[in-house]
Amino acid sequence: RLEELFPFLASLEGRPYPFYKDLKGTWRGEGFELRFVHVQGDPFATPSVVEVRYPARALEKLRVYRHPMGQVAVEDFLLRALKARFRHLPFFGGSGHSGRVFVEVESPKVLRRAGAHLGQEALYLRFRVGLPASGRRILGKEAERLFWALAEHLRGFLWELDGRALVSQVQQVEDFAYIQESLPQRGLVAFVGDRAILPRESGVSQKPLRGAVPFQSPPSLRVSFRVPHKGEVVGMGLPQGLTLITGGGFHGKTTLLEALVHGVYPHIPGDGREWVVTHALAQRVQSEDGRSVKGVDLRPFVHDLPLGQDTSFFSTEDASGCTSLAAAILEALELGARVLLLDEDTSATNLLVRDARMQALVQRETLTPLLDRVQDFKARGVSLILVVGGVGDYLDLADTVLLLEEYRPREATLEAKAIAQAHPTGRAFGEPRYPLAVASRAPLPESFDPRRGRKVRVKGRGLRELVYGEEVVDLSALDLFENAQVRALGAWFQRLWRQADGKTPLRKLVEAVLGGAEDLFSLEEAPEVAEVRPVELGAAVNRLRGLEVRRVEE
Ligand code: ADP
Ligand code: MG
């Protein structure tokens, strides 16, 4: 029983640290129960995991959602509220992490996280607590005080929640979900609401830039949505097909593209990007020197290499800017992406375009630039959003041209067409040698064996790297926003290890793994795991140097 926890902690005073192991198990209290899921081995180790369980009767106030994303919004809200609440804990002393409490929510994205789970019967919250010690000796009295204070906060937690803020976050997210789900039937791939604040304070901050110019939709691209809660929302709708975002340097092109990349997830109220909504299957692709590529049929972009080298099952440990971009595009298609976002700044020029002069000079061309594939993308129903400042060859083909001037967009599609006619590029649009076909690959289970090295280690290292066995997987080209997403990738890799059979195509495999697991919550008992989309898990798999694949027919 919970009342017994406090004298028990006090009784540990002065004992060696491992005596804390006896905390394991459940301590039942009045309005909630505490469970010690993991107990650390010493005060410097990763702190212990504590789970709080509130029974169904305490949860009436939380059933304010109608859409599954609304439930995620509640969970996200609770975790943020818990984090804010624990900031008011007094200071507890000791060595290492003694007395420190960690609730993990790292970004303003509303994501499913293992730290909060609202089930039919109960609400579970998980966080970490550094169990107090001085050196290797337990500070039992300090631990008693700490858990007394924690219990106080947990007792009042659900009662004292800001109900209005909760409802407003849920409604925000449900409106987001409504727009995201309606984009396809409206013929759109993204929506940016008027008055959105897109730029961030700095490259390392997620806070909105103060004094930023609010987004204002150009009249010709203005659309409105009747959302379930807010009523009517007005903003810019980007149509399917090829969209160019252009303008002079520093006029906000990359900022807009970034916002669209982030817009696959909902944001909390106050973020500035609440009404930026991007197609759920959008993915950014970019050049990535030095990455590994395994068994990709690159022929739609790279073919007929010198000395008869075949590219129909192409692998390399050290891809160039151009091959890495070609691979990223084809892998994204293989994983089912419906919208690709590219920035000229991070795309190899030779894969974007080959102009008339180079066409004339170079006869034995081994590259088919994206420019010659635009029609094929349209035929596949895959849209492209391209930031270009220097390459004008796309103007002829664009369905929509957005011109940014001092952060204000205006539509320049007709102007662009007129210019394209007045200044023909003189390029020949030849029929590409190979069709834009996407070959499916099935990963072999060994690919995901973390024991391939000597030591099993799975851990994130910032947002850019995942340590998996002996390998450090470079994730810098992926759009991950929380360390918890990186750690989730490691946990999912281990699932893939069990489920891969060398026959199931990668796309089916990642979808099965992500969809089949009941929940993130049951994937890991640690709180630091957050949702990733199938396209991200697939992209991470594609960057695993140990990946082995077999070609399969679908
Ligand atoms: P581009 O890609 O066109 O060269 P960026 O998107 O990199 O331009 O933006 C250049 C700078 O302008 C960045 O520092 C960015 O934070 C800032 N910026 C972007 N949009 C806005 C805005 N709406 N209001 C104020 N500053 C902005
Ligand atoms: Mg830029």
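The largest nonpolar core holds 162 residues, and within this core Ala326 and Leu340 touch the most other members. Such a core is a set of buried Ala, Val, Leu, Ile, Met, Phe, Trp, Tyr and Cys residues joined through C-beta atoms within 7 Å. Buried means that 20 or more other C-beta atoms lie within 10 Å of a residue's own; exposed means 12 or fewer, and partly exposed lies in between, with C-beta atoms placed from the backbone. In soluble globular proteins, nonpolar side chains tend to be buried together. Ala326 touches Leu298, Phe301, Val302 and Leu351, leaving aside residues up to four places away in sequence. Contact here requires C-beta atoms, placed from the backbone, within 7 Å.

The model is predicted: local features need pLDDT of at least 70, side-chain atom pairs count only at pLDDT 80 or more, and totals for chains, interfaces and linings use all residues. Residues are numbered from 1 along each chain as its sequence is written, while chains are lettered from A and ligands numbered from 1 in the order in which they are written.

Now the domains. There is domain 1 (2-161), domain 2 (282-422) and domain 3 (440-552). These bounds come from an automatic or database domain assignment. Taken over C-alpha atoms, the centres of domain 2 and domain 3 are 27 Å apart. Their contact draws 16 residues from domain 2 and 18 residues from domain 3. On the domain 2 side, the elements giving two or more residues are β14 (282-284), β15 (293-296) and α6 (321-334). Helices (H or I, at least four residues) and strands (E, at least two) are DSSP runs, numbered from the N terminus. Helix α6 supplies the largest share of that side, three residues. By type, the domain 2 side that touches domain 3 has four nonpolar, five polar and seven charged residues. Nonpolar covers Ala, Val, Leu, Ile, Met, Phe, Trp, Tyr, Cys and Pro; charged covers Asp, Glu, Lys and Arg; the others, Gly among them, are polar.

Next, ligand 1. Its shell has 14 residues, of which Ala212, Lys253, Thr254, Thr255 and Tyr407 come nearest. A residue is near a molecule or strand if its C-beta atom, placed from the backbone, lies within 6 Å of it. Helix α5 (residues 253-262) gives the largest share of this shell, three residues. The shell divides into seven nonpolar residues, six polar and one charged.

The strands follow. Strand β1 (residues 25-28) runs antiparallel to strand β2 (residues 33-38), joined by four bridges. Two strands pair if DSSP finds at least two bridges between them. A hairpin of four residues links β1 to β2, and Trp27 stands opposite Leu34 in β2. Strand β11 (residues 231-239) pairs antiparallel with β9 over five bridges. There, Val192 faces Met236 in β11. β10 also pairs with β11, antiparallel, over six bridges. Val227 stands opposite Gly231 in β11, and a hairpin of three residues joins β10 to β11.

Two backbone angles deserve a look. Most residues other than glycine have a negative phi, and most peptide bonds are trans. Arg195, not a glycine, has a positive phi of about 75°. Arg195 sits in the loop between β9 (188-193) and β10 (222-227). Arg195 counts as partly exposed because 13 other C-beta atoms lie within 10 Å. Leu307 also has a positive phi, near 60°. Leu307 lies in the loop between β15 and β16 (314-316). Leu307 counts as exposed because 4 C-beta neighbours fall inside 10 Å.

Methods
Two residues are in contact if their C-beta atoms, placed from the backbone, lie within 7 Å.
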